[in-house]
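I wanted to look up which strands pair with which, and how the partners line up.

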Amino acid sequence: GIIRSFLGCADAQPTYAEACVPDAVAPLLFQPNGYPMNQSYAATTWQDASDPTECNCGVALGVNSKSTFSGTGCFLALGLYMFGVADNTTYYVKVDGSCEASAAAPPAPPAAPAAPPAPPAAPPAPPAATGVTATYFTMDINSLPAECPSSLADLGKKVPDACCAAPFVEAPVTDVSDFTNDGKVYTCAPLTLPALGIIRSFLGCADAQPTYAEACVPDAVAPLLFQPNGYPMNQSYAATTWQDASDPTECNCGVALGVNSKSTFSGTGCFLALGLYMFGVADNTTYYVKVDGSCEASAAAPPAPPAAPAAPPAPPAAPPAPPAATGVTATYFTM
């Protein structure tokens, strides 16, 4: 089908990158009208990106920079069999070409003398989580009240409180005890959900708000979504994934499934959570999650001493000349 790739110079190296999946189709990997793309949607995805990161390469498949081939030579490329698809074709890609620096820009004038450094500022006190909890409520998608949305497009939206109450089936409350291991409290931890297995979630305070986040998939199992010994995780691997993360981004929440911040529920209330049916899995269970608790500021740190006066600004430096791509090519070989 139609994929999207990066070809050019990055970090002054000839570079080719695969799996540059646009955000709009990232939740629809290997599905009709998803990714690989149909012709009409693919025609809208041309982009003048400065590097593979800006082209979104490797993110949706959870391989990140592993699908970026930097420098010349032959590299092992992505194959469908790596993601559980029944296809035995192995792909290699040969990268050729060079990245030559353009004529150098004239040197910048000398900078003005620097002012003496200011004394370091005292760090702000982080908010303290006070009884932050998350409680799941479930119902068959065919029995939902009209006021409770269920589509992937509505993932992460705050919904009426009635979607987190009877007659929905209430799961046990998830609280700090579920995020405690050997006496230490974590914010990023494995959880066991009936019928799903062991997932990983974030529970704590982020941006001074009670926060719960799902699909915090470790990088090592991101390419193995919904596969044996992948994600959801087995018990032995899950035991190694406890992490003291400052926020859902550090816990890697939402990235592997391509939903990013939509699986982060910030503030109190009832939210539409992830369901397997959103990703083409034959399961009719709809999940909602109720977030409770508060985030109270700790005792304020003393104010920092005043900064030293700034030095006069230096004249602007001339920008460096970007490298020029000289016939960078990528050629696939299969077997």
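I looked up tyrosine 212 and found phenylalanine 265 as its bridge partner in β14. Strands here are DSSP runs of E with at least two residues, numbered from the N terminus; I call two strands paired if DSSP finds at least two bridges between them. The model is predicted, so I took local features only at pLDDT of at least 70 and side-chain atom pairs only at pLDDT 80 or more, while totals for chains, interfaces and linings use all residues. Residues are numbered from 1 along each chain as its sequence is written, and side-chain values use heavy atoms, with hydrogens and water left out.

I then checked the pairing of β13 with β14 (residues 264-266): it is antiparallel, over three bridges.

Next I turned to β12 (residues 197-206), which pairs with β13 in the antiparallel sense over five bridges. Tyrosine 212 of β13 is the bridge partner of leucine 203, and proline 210 in β13 stands opposite cysteine 205. The hairpin of β12 and β13 has two residues between the strands, and I noted a positive phi near 55° at aspartate 207.

I wrote down the strand order of the open sheet as β11-β12-β13-β14, four strands with antiparallel pairing.

Why is β13 largely enclosed by the rest of the structure? I found four of the five residues of β13 (residues 209-213) buried, meaning under 20% relative accessible area with a 1.4 Å probe, protein chains only (exposed is over 50%, partly exposed in between).
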